[in-house]
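Hello,

Here is the structure for you to look through. My notes follow below it.

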Amino acid sequence: MYHVYAIKSISKNYIYVGMSNNLERRLKEHNNGENSSTKAYRPFILILSEMHENRIIAWNREKYLKSGIGKEFLKSLLK
């Protein structure tokens, strides 16, 4: 199973979308500054988590959430 997830920076206006087969580990990596693309924006809260049965489906969903309309959907979750 693969998780597609979105995290939001608590301190800045930044949303990151990713995919992982181990969500708990991945969130710890983001909050510990182990990812160079998110290090400057930590700490994070999880705003979306979806499970998908295979990598291709998860990758397509991740791609959608990274698009303009996908980002708008994620922002609507915060209102």
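Which residues of helix 1 (residues 23-31) are buried? They are Leu 23, Arg 26, Leu 27, Glu 29 and His 30. Buried means under 20% relative accessible area, with a 1.4 Å probe and protein chains only. Seen down the helix axis, these buried residues fall within an arc of 155°, so they line one face of helix 1. The arc is taken from the directions from the helix axis to the C-beta atoms. That face packs against strand 1 (2-9), strand 2 (15-20) and strand 3 (44-52). Just after helix 1, Gly 33 has a positive phi of about 80°.

A word on the source. This is a predicted model: local features need pLDDT of at least 70, side-chain atom pairs count only at pLDDT 80 or more, and totals for chains, interfaces and linings use all residues. Residues are numbered from 1 along each chain as its sequence is written, and side-chain values use heavy atoms, without hydrogens and water.

Now the whole chain. The protein has three helices and three strands. Their order from the N terminus is β-β-α-β-α-α. Helices (H or I, at least four residues) and strands (E, at least two) are DSSP runs, numbered from the N terminus. Of the 79 residues, 41% are buried. Among contacts with a separation of 6 or more, 56% join residues 24 or more positions apart. Contact means heavy atoms within 4.5 Å. The C-alpha atoms fill a box of roughly 30 × 25 × 20 Å along the principal axes.

Best wishes

Definitions and conventions:
Buried < 20%, exposed > 50% of the residue type's maximum accessible area, 1.4 Å probe, protein only.
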